[in-house]
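Reader: I have a new model open and would like to learn how to read it feature by feature. Could you take me through it?

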Amino acid sequence: MHKILVIEDEAHIREIILEILEAEDFAVIEANNGQVGVTLAAAEQPDLVICDVMMPALDGYGTIAHLRNDPTTQHIPVIFLTAKATKGDMRQGMNLGADDYLTKPFTRDELMDAVNARLARVAQQNQKLAEVSQKLEQLEQFDSLTGLPNQLVLGDYFQEALQQAQANSNNQQTNNQQTLISFLLLGLDRFAQVNDTIGYENGDLILKELAQRLTDFVQTVQGVGVVRLPGDEFAVILAPVSREEQALGIAENLLTKVAQPYNVNRKMIPVTGTIGISFYPQANTLDPLRQQASMAMTEAKKEGGNRCKIYVRPLFGADTAKDLQTAGYFQTAWQRKMLKVFYQPRINIRTRKIVGAEAVVYWQDPTGTVVSPRNIAMLADKTGLRLAIAEWLLPIACEQAKQWQQARKKLRMAVNVPPQLFMSPSLLEVISQQIEAVSLDPSYLELEISADTMASQTNLNLMASKLLGLQRLGTHVTISDFGLVHSSGTFGDLGLLALNNLKLDSRLVSNLSQNEPAIAALIQIAGRRKLKAIASGVETEAQIKTLHKYKCDEIQQNISLAPTELLKFI
C-alpha cells in the first residue's frame with residue numbers, strides 16, 4: 001500500500017483529498033502546514049507528497065526546498081496544489097524540484113491521474129535502476145574473453161571454502177587433523193613471446209581454451225572455483241585438504257593439463273604454466289594468500305617455470321627485503337617529519353576551472369622516487385600509521401582551506417577519512433574541533449570515505465547516522481573509490497545516505513577503454529541519486545573528453561602540487 005502525505009492548510013480541501021485517496025486504498029498522512037509536513041515527511045518517508053503552495057509560515061516553495069535539502073526526503077516526488085498556475089509559478093516550483101502541478105479546483109479524476117502518474121513514474125525508474133544494477137553486476141563479475149568469473153568473485157569463493165573448512169574441522173576434531181584451504185595462482189610461461197609470435201588474437205584463443213580446461217579440471221577435483229585474473233594469470237581455490245602434499249599433487253596434475261598443446265588454426269602451440277601455492281590459515285585473509293602465492297610463482301618461474309612451488313615464509317617474517325626496507329624508510333620519514341602535504345586539483349569538467357583539491361601525503365623515497373598516494377596509504381597501513389597520519393594531515397588541510405577562504409577563492413578541500421577515524425565514536429567531535437580551530441566555513445571542507453570502508457560497516461543505521469552528522473556540520477561528504485562491486489548491496493539506494501558526491505575508483509579511469517560502459521553506468525547512477533560524479537586519476541585529454549561525454553561533473557588530476565604551484569593554475 002502506497003503512503004501519501006497531504007500538506008494543506010485549508011481543512012475542507014484537505015478532507016476532500018483524504019477522502020478521495022483513502023477510497024482508493026492509499027495510506028494517507030495529513031499536515032495542516034509546511035513545518036508539520038516537513039517533520040512528518042522525514043519521520044514517515046511517504047511515497048508521494050501532495051502540497052499546497054499558498055500556506056502561512058512555510059509555503060509550498062519553502063516546504064519543497066526543505067524536502068530537497070534533506071537526504072532522507074530529497075527523492076520523494078511532490079505534486080503542488082495551487083489556485084494560480086502562471087508559467088512563472090510553475091517554473092519556480094519545477095526549479096525547486098516539483099514533479100507536477102494541480103490547479104484548484106480540480107476533479108477527482110485529475111487528482112488520481114496525477115497521483116497514479118507520479119507513482120507509476122517512480123516505479124518505472126526504480127525498475128530501470130534495478131535492471132541497470134543487475135546488468136552491472138553481471139558485467140563486473142565475469143571476464144568478457146573467457147567467460148570465467150573475474151577477481152571480484154574471488155572473495156565469494158574464499159568464503160565458500162572457509163565454510164567447507166569449518167565443516168571439515170567440526171568433523172575432524174576427534175583425530176586432530178588440520179584443515180587447509182589451498183590457493184593456486186597459475187601464470188603462463190613466456191606468454192608474451194607466444195603473443196608476439198602468433199598474434200594476440202590467436203593468443204586469446206589459447207586463453208579461452210585454457211579457461212575451459214581449468215573449469216573442467218576444477219569440477220573433476222571438486223574444487224571451489226577458478227577465476228580469471230589480469231593478463232595471463234588464473235586463480236584456483238581448491239576444496240579443503242588436510243595435508244599440503246595433497247594440494248601439491250592436484251596442482252601438478254593441473255599443470256599436466258595446461259601443458260597439452262593448443263590447436264590454433266590447425267597448428268599445435270605448446271604452452272606451459274607455473275603455479276604458486278599458499279594456504280589458509282598460514283595466511284588468514286585473501287590478500288596475503290594471493291600475495292604469497294604470487295611470490296611462490298615468481299620464484300618458480302625464476303627456476304625455469306613449468307613447475308609448482310609452495311610458499312615458504314621467510315625467517316624474519318617479511319615477504320621481501322625490499323618491502324621491509326621501504327616500510328622502514330617510510331616510518332623513519334614520518335618520525336623525522338619529512339612527509340609533506342600536497343594537493344591534487346579538482347576541475348569542473350564543463351568550465352575547466354579548478355573548484356577544489358584533495359590533500360594527499362607527498363613523499364620521495366631515498367632513491368628520489370615520488371611514491372603515489374595509493375602506495376603511501378598501503379605503507380601507512382603496513383606500519384600502523386594510517387590514523388596518526390590522518391590526524392596530522394587534517395588540520396593542515398583545514399588551515400590551507402581557511403587561507404583559500406580568506407583569499408576569496410572558492411575551492412573545496414577534500415580530505416580522506418581512513419577507516420580507523422570513520423569508525424571512531426569521536427569522529428564528529430574531531431572534525432568539528434578542526435573546523436572551529438581555524439574558523440573554517442565547513443562548506444569548504446569535503447570528507448571522503450571509501451566505499452570499502454562503508455561496505456565493511458555492520459551497523460548500517462550507525463553508518464547512516466555518522467554520514468548525516470557530517471553533513472549537518474556543513475561539510476560535503478563523498479563516497480570515494482566507488483567501483484562496479486559497490487553498485488548494489490549496501491549501496492543499493494545511495495539516495496538514502498547523506499552524500500553529496502560519488503568518486504569513481506581511479507583504476508576504472510586508468511583503463512578507460514575497457515571500463516567505459518561501467519563508467520557510463522556509474523555516472524548515470526550518481527545522476528539519478530543527485531550526486532556529483534567525480535573521476536579521479538585523470539591524466540589525458542582523451543580521458544577528459546570521454547568523461548565529459550557521459551556527463552561526469554568533476555575530474556581530479558593525477559598530479560600532486562604544492563600550495564604555491566596549485567595557485568598558479570587558478
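Author: Gladly; let us begin with a strand. Ser480 sits in strand β17, residues 476–482; helices (H or I, at least four residues) and strands (E, at least two) are DSSP runs, numbered from the N terminus. This is a predicted model, in which local features need pLDDT of at least 70 and side-chain atom pairs count only at pLDDT 80 or more, while totals for chains, interfaces and linings use all residues. Residues are numbered from 1 along each chain as its sequence is written, and side-chain values use heavy atoms, with hydrogens and water left out.

Reader: Is Ser480 buried or exposed?

Author: Buried means under 20% relative accessible area, exposed over 50%, and partly exposed in between (1.4 Å probe, protein chains only). With a relative accessible area of 2%, Ser480 is buried. Contact means heavy atoms within 4.5 Å. Setting aside neighbours within four places in sequence, Ser480 is in contact with Asn416, Glu448, Ile449, Ser450, Ala451 and Lys503.

Reader: How do I read the buried side of a helix, say α2?

Author: An α-helix has 3.6 residues a turn, so residues three or four places apart point the same way. In α2 (residues 34–44), the buried residues are Gly34, Gly37, Val38 and Ala41. They lie on the same side of α2 because they cover an arc of only 100 degrees around the axis, the arc being that of the directions from the helix axis to the C-beta atoms. Exposed residues Thr39 and Ala43 are carried on the face turned away from that buried side.

Reader: What do the buried residues of α2 pack against?

Author: Their partners are β1 (3–7), β2 (27–31) and α3 (60–69). Look at the ends of the helix too. After α2 comes Gln45, whose phi is positive, near 50 degrees.

Reader: Which residues touch the most other members of the largest nonpolar core?

Author: In soluble globular proteins, nonpolar side chains tend to be buried together. A nonpolar core here is a set of buried Ala, Val, Leu, Ile, Met, Phe, Trp, Tyr and Cys residues joined through side-chain atoms within 4.5 Å. The largest one has 75 residues, and Phe330, Leu467 and Leu547 touch the most other members. Apart from it lies another core, of 34 residues, including Leu188, Leu214, Leu254 and Ile310.

Reader: How many disulfides are there?

Author: A disulfide is a covalent bond between the sulfur atoms of two cysteines. The rule used is a pair of cysteine sulfur atoms within 2.5 Å, and by this rule the count is 0. Cys51 is buried, at 1% relative accessible area, and Cys308 also counts as buried, at 17%.

Reader: Where are the cis peptide bonds to proline that you would show me?

Author: One joins Lys104 and Pro105, with omega about -10 degrees; Pro105 is in the loop between β5 (100–103) and α5 (108–141). Another runs from Tyr280 to Pro281, with omega near 15 degrees, and Pro281 is placed in the loop between β11 (273–280) and α10 (286–302).

Reader: What is phi for Asn265?

Author: Phi of Asn265 is near 50 degrees, a positive value in a residue other than glycine. Asn265 lies in the loop between β9 (262–264) and β10 (267–269), and is exposed, with a relative accessible area of 56%.
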